[in-house]
Amino acid sequence: MSFAFKERQGQGMALTAGIVAIIVVFSLLPMARLLQEVVLPGGRFSLDVIRAGLVSNTTWVATWNTLCVGLGGTLFALVLGVAVAILVSLSDVRQRQAFVLCFVTPLMIAPQVTALAWLQLFGPSSPMLNLLGVAPPIGTPNPLYSPEGIVLLLGIQYAPLVFLIVRAGLRKLPRELVEAAQSSGAGWLTVLRTIILPLMTPSIVGAAALTFVSCVGNFGIPAFLGIPANYLVLPTLIYQRLAGGGPAVLSEVAFLSVLIGIIAMVGIVLQDRISKRRDFRITSTSLPAAPYHLGAWRLPVEIGMWALIIIILVLPLLGLILTSLVRGYGVTLSAETATLENYRFVVLEHAAASRAFINSLYLSATAAVFAVFVAIPLAYVIAWGKQRWIKALNLAVELPYALPGVVLAIASLLLFLKPMPITGIQIYNTVWIILYAYLARFLVLAVRPTVTGYFQLDRALEEAAQVAGAGLFTRMRTIIFPLIAPVAIAGGLLIFMTALCELTVSALLWSSGSETIGVVIFSFEQGGDSKYAAAVSAIMVATTFLLMLFASLFAKRLPDGVLPWRD
Amino acid sequence: MAGLSIENVTKSFGETNALDKVSIEVADGEFLAVLGPSGCGKTTLLRMIAGFETVSGGRISIGGRDVSSAGMNVPPEKRRVGIVFQNYALWPHMSVSENIGYALKVARVSRAEREARVKGALALVNMEQYGERRPANLSGGQRQRVALARCLVAEPSLVLFDEPLANLDVHLRASMEDEFADFHKRTGTTILYITHDQAEAMALADRIAVMDHGRLMQLATPHELYHEPANEMVASFISQGMVLPADVLTAEKKGVCKVRVLGQELVVRCRPGEKPRKDARICCRASQIEAVKGKDAGFAGSVTRAVYRGGAARIEFEPDGAPQTCLHFDQPDPVTFTAGERARLRLTSGWLIPAGEGA
């Protein structure tokens, strides 16, 4: 056997080993550690933790609340998302591109910013309501501090998610199926009910499962809306326990986070079951169905759709901006009293806030760059590899993102509470533990589009380099990286945007000196400084818009669906 | 010394054999086409020669050096084989010169030499002025030439063509065919050319290997394939040959024998040593059928279709003696046959397909 052969084997094995190491460190290890804490606390098998958790009344109340807002939010998001997807995909409404952009934007804005914006819209001190003179009297509670408020905001936050999935499904709907039903004499509503919706079952059920998992794991919205009303869900319960008890209660919160994990898993398994019950496969591919002519209804429908945009996007953001301009609590906003002082304060004066800007920038940039460089070889193996077991590891990459963020945060805490073995390095209470959690959680956001990118790339491009004599690493560097980089970088940008305002993970892992922007917004709001929270949020929303704009600049070089807001 | 030697190569995917004991010897400097319908295993064969697929059994050697056997596989990057891909596979992020010079860069050839050789390769395909262009800004034929130059620059001992004309329009095909032939003459490289287009294979190749269902059906010159097909598959695949049941009446003498086909006695060409036998098959071509007048010559039947094709019509005919057999031939203008008409036909010649050679 030639030396050349061994050399190639060596490169292939190095690649595989590197990928396996990353998957183990960032996915299998934290999950294993979490399960160990619940079942084998202190290294011995014991069900005490589980028993203690199960007899606690708080656990049951929080679980019930989690299920309530989870299902409620999912249902609301489904109704909104499916309705909008059908209107946009199958009818002749105008200005589709702009509408999709506006409708999907709430997904790009961090949940706690959404929550804050809505709170500013409705409370007694709402600058907007005060401007209009219809604010409720001082002292009445904000109507959003309630389970209904949480369901409403969860629904608005995740309706775009449902929309994107169902829209993708509708795009694949062959027009023959619709036309065959129409020529059989079915009216449009009958076609919708008997053909389109049934065929969309996999998309809708898949969207429902994803939304349910996201709702159940959401921390920002129930934290802003539920904690003041003492309406606790599992993520906020974990946060409160940990904030009050510190590392001593780790076993207890580990159990709670496994509980969230189980609830999320049930959702996913249920989805799998439902989609496998019947055959929904669409066999042919063809042009999309001709748009339905709304006729006289077109204008009213369009007005309704844009009114929706005003309600879910424009008004809350306006409320947010107005609050960020207010001088102090109770001061009525007018042209004379408006001030930029809040912005100056959070950017220049408040030590934690300015630290947080730096921290979050570094954290999200590092996570994004790391993910891009890992995603390219990882997706290469997933998309083009021949070994089956690697594809199973693909599931492992999805796990930290599929499960609610709280689960990963607790797992990271458990993993790094004590100094690392051998090296003795301590990353607990530093910014590094947050970085670790971000890397683990968001990696998949870059891997997914990159895998899609590989599937669209002609494998012959690599093979041509191979017959030209290039080894694996040379091909990676000179051929594969330049061709796949745009997609991977777009994925990295998504990670950057998501991580920049991230709260769920950092709320549980931050310490003094390692604050993130999400944590700062949360702290300001908890301390009653809504105007500062609003100022920071407004800056972040502006940053998000700029990033979306920037990413859209190279949209032409990306496969469809990589940038969610591009229709 | 053989340019390429394929010995008893087998490739199995699970239970099925994609290739079954294929043996082909390609002489140094030969242009050999591998021809077959889609799914016949020709692409698998090419990928095994290139090293992208391992062999399940047998042996492949290039220029006398073993590169593939059941337990051994020299990786593609160490084989010094050039490939012209069906869709060219030009790297879109590199200029034409960078595409061509890639193999030299990988091999750490000095800059000056690299530039000289890229220039030479560009000149070879008449593309000197396009070196700085991006592949996206080239026409289909130009891309094909760049792909050709790219695989040549490293001076491979063997060049593989993977259906290189399948994506080009008809006019460009003809001129590229000329260029390939010309190119082969100038460089003297050993070429293995995969195609499903028999006209292309006939026009270009010194010899053609016909494959079907993973097996080698016949390896012969284009002339021999047409006139002396080794089995029914080749007979019917090449130029829509007609295969007819016949009884051999006399032993071979001077390359011919007498057979009875469709009730008509006919002298056909055959291999040496043929003996009288029943249930034989003969192959005949459209040009070997003619219409006859009168009641005694040839055999009767009816015309089932007459399709006018400009200048001549293709006539399909069903003999009474063998209702499932369809004969076809061309009748030049003035076309007189119409569908449903009764007629008599006669075979003028044919080839006795040897017994017991595969399908």
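Student: Hi! Which residues of helix 4 of chain A meet helix 14 of chain A?

Tutor: Hello! In this predicted model, A:Phe99, A:Cys102, A:Phe103, A:Thr105 and A:Pro106 are the ones from helix 4 of chain A. Across from them, helix 14 of chain A brings A:Met305, A:Ile309, A:Ile312 and A:Leu313.

Student: And how many of the residues in that contact are nonpolar, polar or charged?

Tutor: The contact of helix 4 of chain A with helix 14 of chain A has 8 nonpolar residues, 1 polar and no charged.

Student: At what angle do helix 4 and helix 14 of chain A pack?

Tutor: The angle is about 30 degrees, and their axes are 10 Å apart. Angles under 35 degrees count as roughly parallel, so helix 4 of chain A and helix 14 of chain A are roughly parallel to each other. Helix 4 of chain A passes helix 14 of chain A in a left-handed crossing.

Student: OK, what about helix 7 of chain A? How does helix 4 of chain A pack with it?

Tutor: Helix 4 (residues 96-108) and helix 7 (residues 147-171) of chain A have their axes 7 Å apart, at an angle of about 120 degrees. That angle makes helix 4 of chain A oblique to helix 7 of chain A. The crossing is left-handed here.

Student: Which residues meet there?

Tutor: From helix 4 of chain A, they are A:Phe103, A:Val104, A:Pro106 and A:Leu107. Helix 7 of chain A answers with A:Ile156, A:Gln157, A:Pro160, A:Leu161, A:Phe163 and A:Leu164. In this contact 9 residues are nonpolar, 1 is polar and none is charged.

Student: Let's zoom out. Into which domains is chain A divided?

Tutor: Domain 1 covers 1-46 + 340-567, and domain 2 covers 48-338. Their centres, taken over C-alpha atoms, are separated by 24 Å. Domain 1 of chain A puts 42 residues into the contact and domain 2 of chain A puts in 48.

Student: Which helix gives the most on the domain 1 side?

Tutor: Helix 24 of chain A, with 11 residues. On that side of domain 1 of chain A, 29 residues are nonpolar, 9 polar and 4 charged.

Student: New topic: how many residues of chain B are in contact with chain A?

Tutor: 21 residues of chain B are in contact with 21 residues of chain A. Strand 7 (81-84) and helix 2 (96-106) of chain B each supply at least two residues of the chain B side.

Student: What kinds of residues make up that side of chain B?

Tutor: The side of chain B that touches chain A has 16 nonpolar residues, 3 polar and 2 charged.

Terms used. Residues numbered from 1 in each chain as written. Chains lettered and ligands numbered in written order. Predicted model: local features only at pLDDT ≥ 70, side-chain atom pairs only at ≥ 80, totals over all residues. Contact = placed C-beta atoms within 7 Å. Helix = DSSP H or I, 4+ residues; strand = E, 2+ residues; numbered from the N terminus. Nonpolar A, V, L, I, M, F, W, Y, C, P; charged D, E, K, R; others polar. Axes fitted to C-alpha atoms, helices over the stretch in contact; angles between N-to-C directions. Parallel < 35°, antiparallel > 145°, perpendicular 65-115°, else oblique. Left-handed = near helix turned anticlockwise from the far one by under 90°. Domains from an automatic or database assignment.
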